[in-house]
Amino acid sequence: MQPFIPFPDYSGGTPRPDVSALRAAVRAFLEDERRAGTIVPGLQSWTTFDRGFSERAARRGFLALTWPRRFGGQERTAFERYVVCEEMLAAGAPLGSHWIAERQSGPQIMRHGTEELKAALVHRIAAGQLTFGIGMSEPDSGSDLSSVRTKAEKVDGGWRMEGRKVWTTNAHHADYLIVLCRTEARSEDRYAGLSQLVVPLDDPKVTVRPLVSLNGEHELNEVIFDGNVVPDTHLLGQGGDGWKLVIEELAFERSAPDRFMSTFGLLRILTEAVGASGDDRAHAEVGRLVARLSAIRDLSLLIGERLEAGQPATGIATIAKDLGTGLEQEIPEVARRVLSMVPVRGRADAAGALSFAILNAPCFSLRGGTREILKGIVARELGLR
Amino acid sequence: MSDTARMLDDTAERLLARHFAGNVRGTRESAAAVLSEFFDNGLDQLLVPEAAGGMGGGTLDAAAVAYRWGYHAAPGPIVEMLLLPALAAEAALDPDRTTLALLDEACVRSGTWQKPAKATSVVAPVIGEAAATVLVCAADERGRLALARFGGDGMELRSSLAGEDVALLDLAALRPESVQATEASFEAFAARGALLTACAILGAAQRQIEIAIEHANTRKQFGKPLGKFQAIQHRLAEAASEQAVAQAAVRSAIAAQDAGRLKPLQWQAAKVQTGRAATTVVAAAHQILGAIAFTEEHVLHHYSKRLWTWRDAWGREAELERRIGAQACAQGAGLWPWMVD
């Protein structure tokens, strides 16, 4: 078996642009936002919805960095986009309004959408004006995505939809959902006959129902399609090739720093609380987390490098997500052991941040592919099964 | 420089593949033969500066050799073998009869030895037959590398987990014969030793993962290969994941050291992750290989014992984690910039 990462690596890696000015600009913007009260470290996550924040970030040039200029982008490197993303995540900024749209929906439309669709939507995503949701999971179709039952039937001028999607983050704020649905009857090949449609949610025949999380927050939703017709121009790809498109889309979802920085705010609170005068045991526990974070970040940066060079990265992207979400879940558990406090909710202090992280932790290793699915992918890449 | 690294990598691979095609390690004769080839091929000159007649290689160049050494579970303390010649040249010592040990404390002041405050002993792997001299590599008050020279008297000869000779120095009882100052940075020296050890670990862990996968795909129980069982798949996925994240950390730390911009966090995290990977990979490989690999009948133990040795050499996880944590906790609200700037 070849190692996932060639080693020793004589290539020297891709030279990276100097990003100190960019980092400084993002930090200055985030400091303004903190002063204005839109960022509450430790008490919100990157899924927190704030349209105003996204529009202001776009105006400062922090969205769509890598996109073509004709779509409102700046044609900068993937590394520069990575830097902006990690700075925002480290600050605990509310990214929910634009995150999915900018990370995966926009790129998916640019690659596979019709010209009409690109012209209508892509600029507005770059401007932070549109929110997208992911329409993959269904009540009976979780990890086994190919079993989706939501269907779209060809009608004159479009596709008539029936079905249900679940766990759709921020669907109650979203303008569009990219929905994986069956457009042809199921055959021997379970992956054939699926398509991706860009579905407008302002249709009276689409209903969004809240699924309140165990922390009492409303971010997840069920979306019901009951005869809404989606125009032909909203089909991605050729039709019937939806499985391939979904796999491509998921690659964008599994490699980014949001998969290991969800509880960074708590880690910072933890290091501050322990302080330089902390005892050796506390320092060792914190050091274990910081070392892990540093190494996972190296892995994540390497994925970006490999993707940009057109090299395979499925194995390491999957590993990065699995290890990253493990770290996100470990941080509150270490904080529990190191800090002498009882987690209580209601304020933006250490006890509040600890509560928030504990109550969010289960979802880290479920969303975007469960831990067990990921390990199965890694095993397959190793040549097992 | 990358061409040099590739050439050295090939040299080491040819040399070791010839010696260790099967389960034939562990004899004193084979160890001596490999050691003499190491010198005959000039690998000892790798890190010796060009001004001193060496090859003037960087960490990446030496990394390739250390990785191959681990991959073949080859005998001899490869990290000390790579690092010693440059120091021996500096200290005008006979490299054949000398070895070295790291002492991570500032215990040289104004050129004089101070009894270390924390460490009570150091372990120096013996290169070749016997060590007449141990160079204890410590820091002085300015953070420079100082070489404290200990003679053979009072050393206790023990063996490492891998069964190789080590000299144990009782620092409470012994005093160095002499102390030599150098202009080299102690931090950079300790980092290089840690990164080369990390590479040896990655090589051995890589080979163990390969052996375990091969076994899982061929050994059948209950009518199907072990690799068809999800429990086995996940165990191997976990081992390969630890290996990958450790590789990523080591790779970026080596590049940073050769570019002169290495931060303590980077090499310390890299050593910590390889130590963690070693633990996970060895445990997984033994669990999957079963009883046969608990015996000397199977080759696996050569790798396991080296991995267990190397994870505690040149920076143990517990100590490095404590240092990383102490630094991180001293940053106030500036944890993030400290990590990435």
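## A partly exposed arginine

At 29% relative accessibility, A:Arg190 counts as partly exposed. Buried means under 20% relative accessible area, exposed means over 50%, and partly exposed lies in between (1.4 Å probe, protein chains only). A:Asp144, at 36%, is also partly exposed. The side chains of A:Arg190 and A:Asp144 meet in a salt bridge, 3.1 Å from N to O. The pair links distant parts of the chain, 46 residues apart. A:Arg190 sits in the loop between strand S4 (176-182) and strand S5 (194-200) of chain A. A:Asp144 sits in the loop between strand S1 (132-135) and strand S2 (151-155) of chain A.

This is a predicted model, in which local features need pLDDT of at least 70, side-chain atom pairs count only at pLDDT 80 or more, and totals for chains, interfaces and linings use all residues. Residues are numbered from 1 along each chain as its sequence is written, chains are lettered from A and ligands numbered from 1 in the order in which they are written, and side-chain values use heavy atoms, with hydrogens and water left out.

## Salt bridges

Side chains of opposite charge can pair when their charged atoms come close. Here a salt bridge is a side-chain nitrogen of Lys or Arg within 4 Å of a carboxyl oxygen of Asp or Glu. The whole structure holds 46 of them over all chains.

Chain B has a pair of its own. B:Glu183 and B:Arg142 meet at 3.8 Å, N to O. B:Glu183 is in strand S8 (residues 178-185) of chain B, while B:Arg142 is in the loop between strand S4 (133-140) and strand S5 (144-151), 41 residues apart. Both B:Glu183 and B:Arg142 are exposed. Elsewhere, salt bridges that share partners join A:Arg23, A:Arg27, A:Glu86, A:Glu87, A:Arg297 and B:Asp341 into one network.

## Where the chains meet

How many residues of chain B are in contact with chain A? The count is 58 residues of chain B against 55 residues of chain A. Contact means heavy atoms within 4.5 Å. The two chains bury about 4,800 Å² between them, 67% of it on carbon and sulfur atoms. Buried area is the accessible area (1.4 Å probe) that two parts lose on being put together, summed over both. B:Arg251, B:Cys329 and B:Trp336 supply 17% of the area that chain B buries against chain A, more than any other three residues.

Seven salt bridges cross this interface. In one pair, A:Glu305 and B:Arg251, the closest N and O atoms are 3.0 Å apart. A:Glu305 lies in helix H8 (residues 280-308) of chain A and B:Arg251 in helix H6 of chain B, so the pair joins two chains. A:Glu305 is buried at 13% relative accessibility, and B:Arg251 is buried at 14%. B:His234 is also in helix H6 (residues 230-258) of chain B. B:His234 touches A:Glu372, A:Lys375 and A:Gly376, not counting residues up to four places away in sequence.

## Domains of chain A

Chain A is assigned domain 1 (20-130), domain 2 (133-239) and domain 3 (255-381). Such bounds come from an automatic or database domain assignment. The centres of domain 1 and domain 3 of chain A are 22 Å apart, taken over C-alpha atoms. Their contact takes 19 residues from domain 1 and 19 residues from domain 3.

Domain 1 and domain 3 of chain A bury about 1,600 Å² between them, 62% of it on carbon and sulfur atoms. On the domain 1 side, A:Leu43, A:Trp46 and A:Tyr82 lose the most area, together 35% of what that side buries. Two salt bridges are counted between these domains.

## A helix and the cysteines

Helix H7 (residues 264-289) of chain B has 26 residues. Helices (H or I, at least four residues) and strands (E, at least two) are DSSP runs, numbered from the N terminus. H7(B) reaches 37 Å from its first C-alpha to its last, close to the 38 Å expected at 1.5 Å a residue. The expected span is 1.5 Å times one less than the number of residues. In H7(B), 21 of the 26 residues are buried, so the helix is largely enclosed by the rest of the structure. B:Gly290 follows, with a positive phi near 80°.

For A:Cys85, the nearest cysteine sulfur is that of A:Cys363, 19 Å away. A:Cys85 is buried at 7% relative accessibility, and B:Cys329 is buried at 3%.

Definitions and conventions:
A disulfide is a pair of cysteine sulfur atoms within 2.5 Å.
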